[in-house]
Amino acid sequence: MGDERLHYYGKHGTPQKYDPTFKGPIYKRGCTDVICCVFLLLAIVGYVAVGIIAWTHGDPRKVIYPTDSRGEFCGQKGTKNANKSFLFYFNIVKCASPLVLLEFQCPTPQICVEKCPDRYLTLLSAYGSQDFTYYKQFCVPGVQKSKGVPELLRDGDCPAVLTPSKPLARRCFPAIHAHKGVLMVGNETTYEDGLGSRKNITELVEGAKKANGVLEARQLAMRIFEDYTVSWYWIIIGLVIAMVMSLLFIILLRFVAGIMVWVMIVMVILVLGYGIFHCYMEYARLRGEAGSDVSLMDLGFQTDFRVYLHLRQTWKAFMIILSILEVIIILLLIFLRKRILIAIALIKEASRAVGYVMCSLLYPLVTFFLLCLCIAYWASTAVFLSTSNEAIYKIFNDSACPLAGKTCNPETFPSSNESHLCPGAHCQFAFYGGESGYHRALLGLQVFNVFMFFWLANFVLALGQVTLAGAFASYYWAFNKPDDLPAFPLFSAFGRALRYHTGSLAFGALILAIVQIIRVMLEYLDQRLKAAENRFAKFLMTCLKCCFWCLEKFIKFLNRNAYIMIAIYGTNFCTSARNAFFLLMRNIIRVAVLDKVTDFLFLLGKLLIVGSVGILAFFFFTHRIRIVQDTAPPLNYYWVPILTVIVGSYLIAHGFFSVYGMCVDTLFLCFCEDLERNDGSQQRPYFMSPELRDILLKGSAEEGKRVEAEE
């Protein structure tokens, strides 16, 4: 019987032999991959050292606060600019480039002011009058009263003109708009420069147009932020509903797995069907409306995304996408209908295991907390590294000057020879940089920071997988369930993983981190090569990106199964990965059918939860539920909280179902091991439940006959 049952194994490795002493995860085990454990500890020590160095040299205020021409922060407490929170530009025309706006530095004098100018005023008209008291607050501090207008403009002590401005990201930007190529400032169409000559200022209009993209992006961000401030508590309520639905879904699977799976399938089909119907109704409603037939290509990118919802083409695209998903799901269900019963049996067994180890549902919170620590340390270190440069000052001059662009010292420049060689030049802050060895190593330190983040994040995920696999393997290999289960299977598995297999987890995480850092470098090179015209280089880059993406997916799959073998047998990473791979290859039919069908059903469960919560959020935030119509907050973009609820619901559902998925994968490998070790006789009984044994062996027999018939 055993030989007949093993006919599909193939020649991949040697099946496990019967061992009467084997009762599940081995408790007497030794440390594995000690060298990798030492490397991980040394890398963590180096990572901490990099963080300390970055925190010593870095200054995150450079990101938060704007910097004036002397490199001093605006609005920083404890400085002379403590009450001056806004940055004022003398000549905003020189800041017209969007790249300059992103860097917040441009070649014009900049000073910190208490508030942005609120009136139109020129230096010539204000000089010598009462308006000069107001005007002087926008000049360089300590300006000499004895200077005339030409001297003030020549030395860069005062701006030539003030225009009404509004603060944006702590910077003063003119409140301007264009009309027939001429700048409109309030009711003014032109302005006088500091010397009294009137001129058309189309140049400033063009500069404003160049900056329009950046300003619109920032306005979009501010509107999104406003939507979050008025809807955050409703978003939290939506996420709580998603969490309750996920938990209820898993509890129901514990008792009525078969009914739940079929109900889930029908509900997903109905939800997609309603989405198709809604898109069609919107598509039909917009028929004949003005502007609804404009194509998406002609419309281009719009910051107000509500514009797209008034186009028939948008709803047509949504309808086509949902229809394709509906057809794919229906076809998969038709061809896999016989396998769904087998998958239900595996899900029922997983439900029993989760029911006996209920604390496993809370373990994703531990993984989430550890990942948050990794992300916080990586982000803070990256910010401190990027702000650990020194202030670099350069010579700026409007006229031709051989020294323009060279570094200078703002303290000594006014009395130096450079100032005499370039009359009218001024030494001002340019950017943050440095020429020391530390500054030259910043790029390498940033790469090391990203690499360590990948390594530690993958280690945390591996620790969670080994812990859950050890707990669920203890359930499977308990002959009398739940009497033979250890007292605290989850905590026991967690302790074994940390005590004996830190090195193995570090080894698997290291391999994955290397592939991921290579993918990041390839993405960086791809961005640099976008402007190149070398088609062969682009083709090669695309192939490399595709290959490393596939390699990453394969390594994740192999690592997951290797961690299950580590949790059961306590072998090192390479041995566990080899045994897991050969075990899967010996049971390739079951891998392709049973395991993947359960993954598909779990995906449908996630879609059902996310779709239900998403539809509820859509009706609520669009004021379509009459009972709570006046309760929903007014929003700039109602899709902001809806998308947030949808993404958050998916993450919550994924967290719960990831435990279930790990349980199914562990039980699947244990089942394959059980079939190889035992034959179901009294001397060698199976450890699986009778229901799982009958259904799975029946399905395997049918699959074997089908394979023989095809051969």
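Among contacts in the protein chain (heavy atoms within 4.5 Å) between residues at least 6 apart in sequence, 73% join residues at least 24 apart. The model is a predicted one, in which local features need pLDDT of at least 70 and side-chain atom pairs count only at pLDDT 80 or more, while totals for chains, interfaces and linings use all residues. Residues are numbered from 1 along each chain as its sequence is written, and side-chain values use heavy atoms, with hydrogens and water left out.

The protein chain has 22 helices and 12 strands, taken as DSSP runs numbered from the N terminus, with at least four residues of H or I for a helix and at least two of E for a strand. Of the 711 residues in the chain, 45% are buried; buried means under 20% relative accessible area, exposed means over 50%, and partly exposed lies in between, for a 1.4 Å probe and protein chains only. The accessible surface comes to about 36,900 Å², and carbon and sulfur atoms account for 65% of that surface. Such areas come from the Shrake-Rupley method with a 1.4 Å probe, and for residues only the protein chains shown count as cover.

**Disulfides**

The structure holds three disulfides, each being a pair of cysteine sulfur atoms within 2.5 Å.

| Disulfide | S to S distance |
|---|---|
| Cys74 and Cys112 | 1.9 Å |
| Cys116 and Cys172 | 2.0 Å |
| Cys139 and Cys158 | 2.1 Å |

The torsion about the S-S bond of Cys74 and Cys112 is about -75 degrees, so this disulfide is left-handed. Because Cys74 lies in the loop between helix H3 (61–64) and strand S1 (86–89), and Cys112 in strand S2 (residues 110–113), the pair ties together parts that are 38 residues apart in sequence. Cys74 is buried at a relative accessible area of 0%, and Cys112 counts as buried at 5%.

For Cys116 and Cys172 the torsion about the S-S bond is about -85 degrees, so that disulfide is left-handed. Cys116 is found in the loop between S2 and strand S3 (121–122) and Cys172 in strand S6 (residues 171–174), so parts that are 56 residues apart in sequence are tied together. Cys116 counts as buried at 9% relative accessibility, and Cys172 is buried at 3%.

The link of Cys139 and Cys158 is right-handed, with 115 degrees about the S-S bond. Cys139 sits in the loop between helix H6 (131–135) and helix H7 (149–154), and Cys158 in the loop between H7 and strand S4 (161–162), so this pair ties together parts that are 19 residues apart in sequence. Cys139 counts as buried at 3% relative accessibility, and Cys158 is buried at 3%.

Turning to another cysteine, the sulfur of Cys543 is 6.4 Å from the closest cysteine sulfur, in Cys547, which is too far for a bond. Cys543 is partly exposed, with a relative accessible area of 29%.

**The second largest pocket**

The second largest pocket has a volume of about 1,200 Å³. Its lining consists of 36 residues, of which Cys279, Phe318, Leu322, Ile615 and Ile646 lie nearest its centre. A pocket here is an open set of points on a 1 Å grid over the protein atoms alone, where a 1.4 Å probe fits and protein lies on both sides within 12 Å along at least five of seven lines, and lining residues have an atom within 4 Å of a point. The volume is the space filled by probe spheres set on the points, which are joined across faces, edges and corners.

Helix H8 (202–285), helix H10 (312–335), helix H20 (588–621) and helix H21 (639–677) each supply at least two residues of this lining, and H20 gives the most, with 11 residues. The lining divides into 31 nonpolar, five polar and no charged residues, where Ala, Val, Leu, Ile, Met, Phe, Trp, Tyr, Cys and Pro count as nonpolar, Asp, Glu, Lys and Arg as charged, and the others, Gly among them, as polar.
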